[in-house]
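Here's a quick tour for anyone opening this one for the first time. Take a look, then read on.

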Amino acid sequence: MKRSRTAALLLMSTAPLLLTACDRSESASREGLYTSVEACVAQTNDSNTCQQAFAKAQQDAVATAPRFANREACEASYGKEKCAERNDGASHSFFGPLMTGFFLSQMMSRNGAAMNGFNSTPAFRDSNGGWQRPATGAGGVYRGGAGTAMVPVNATPNRAVTASRSGFGTSGSSRGIGG
Amino acid sequence: MRRVATAERPDWRAKAAACGFGFHTIDDAPYWDESAYYAFSLREIEVDIEAPSEELHAMALDMVGRIVGSEQHMQQLAIPEPYRDWIAQSWRERQPHLYGRMDFAYDGTGPAKLYELNYDTPTSLFEAAFFQWQWLEDQLARGQLPAGSDQFNSIYESLVEAFGTIARGIARPFHFAAVRDSVEDQGTVAYLRDCALQAGIDCGALAIEDIGISADGRFTDLDDQVIGCLFKLYPLEDMFRESFGEHLPRSGLQLIEPPWKALLSNKGILPLLWDAHRGHPNLLPAEFDGGGALPRGWVRKPLHSREGANIAMHLDDGRELRTDGPYRDGPCIRQACHPLTGFDGHYPLIGSWVVGDRACGIGIREDSSLVTQDSARFVPHAIVEEARGVLIA
């Protein structure tokens, strides 16, 4: 069959639907970026999880870090002496950034205790001082056509006083812009 | 591939209303049209459309990597200088993308020919992914289609999967934005947001006009929250020249579609693809337009034309067609003329959807003109295995 097995609507439908997917209160998860196991423990008081998260991130770092053909290209993105030569096991060598931190996220129970399981990914510091971590790996709908994706690590969303609005949209017409 | 006249569902307008399809009729003119459908064989879909779509998609992504390393290509695509490094960086980081649509001329004979890539702000998505799917289910249930009829349309499943895949890397808060007064664009982002919510992503919506800027150059929503990630159904090239555009490269705002899509939603990609893959069966010869008279057998298209605007076509038989529009100035390309085939006086253009990197469905826009414009109607399709005639010797 070439078509979707089902096609459903949540918001657009006038049919009554119980919306359960969005129960994600801020307190229900713990997320953090740590530069060391010690920093993680200091924050979370959970040395076991921090150690495991660090180890897993380190293991993933080689496979998920961006790959460069030479040291210069890598250092252009990640800074001097922040890159190392690696090998993919099939005798192709490449250069990749060194892991400079790890990202830990974990679901919390209602009373604030850590629930089983966590997610950790390696984090890299780019030459502009920003932090990145690998996006979800290729597979499924993404066939790796866009290669290894790095995404910025964003801590908690922050607020800023808006100085002005309506700086976008002047080219739009009421007929729409889509192709 | 055949065009088949068929009975409309008597209740389709009520069904459209019930699922928020508010633009099935635009300015009193029909847009959704189920008085006919296009019937394809499975081979036509899989061999002639699905496989070439994935191949061309891979070729296009490969070309992005070449363009970001070339000032000359950036120049040819008229990418404004202040945005070039930012676009290149977004590609180096492989910032996630969501979807795109290729437009093909195809009539069931010979290879599908790529007219253009709509890889930044493609629309007609809700119609293709949802309403077309529901049409097939309803018509199968009513016995109006041959039993076992299928459709090339796993767009919905692919969208939910794609959102689920990129969710972890989407900065928060994540908002969907489109022009406030465009019913069609608002419908399209409402659908995308619906799919994102079904993938478990908490996300909001705001009008593109309501985006704010803070004194330190970050983009804000109506609650003064700094926007983490913005899905914008709004052309990158328009954002570049509007007053907030200059803040984009240093704002920290994550965009979907990402900045590197500016290289693929640009018709300059067509001559670059032709140069790199000269003679490819799914590509039409193309070159950058140096001005001057348009010879017979060629079409002139502005780099950023949408909805068939400002197209000049000089047919082999000497006829010339021109459409009006807002893209009068600026660079153009030329593409070899490969006119759409008429089916009972209707000219179907195949929109082939790519979600993530997967070709996952088509939507057909039918116009009474050789140039598919905003007047084109959306006509559903089905995969119907051809009845095998009994051969009598």
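What radius of gyration would a compact globule with 393 residues have, and what does chain B have? A compact globule of that length would come out near 21 Å, and chain B has 21 Å, so the two agree. That radius is taken over C-alpha atoms, and the globule rule is 2.2 Å times the number of residues to the power 0.38. This is a predicted model: local features need pLDDT of at least 70, side-chain atom pairs count only at pLDDT 80 or more, and totals for chains, interfaces and linings use all residues. Residues are numbered from 1 along each chain as its sequence is written, chains are lettered from A and ligands numbered from 1 in written order, and side-chain values use heavy atoms, without hydrogens and water.

**Chain B overall**
- The C-alpha atoms of chain B fill a box of roughly 80 × 50 × 35 Å along the principal axes.
- Of its 393 residues, 66% are buried (under 20% relative accessible area, 1.4 Å probe, protein chains only).
- Chain B holds 10 helices and 21 strands (DSSP runs: H or I of at least four residues, E of at least two, numbered from the N terminus).

**One open sheet**
- Five strands of chain B line up as E6-E5-E18-E19-E20, with antiparallel pairing (strands pair if DSSP finds at least two bridges between them).
- At the edges sit E6 (113-118) and E20 (377-379) of chain B, each pairing on one side only.
- In chain B, E5 (residues 99-105) and E18 (residues 347-355) pair over six bridges.
- Within this sheet, Phe104(B) stands opposite Ile350(B) in E18(B).

How values were computed: Buried means under 20% relative accessible area, exposed over 50%, partly exposed in between (1.4 Å probe, protein chains only).
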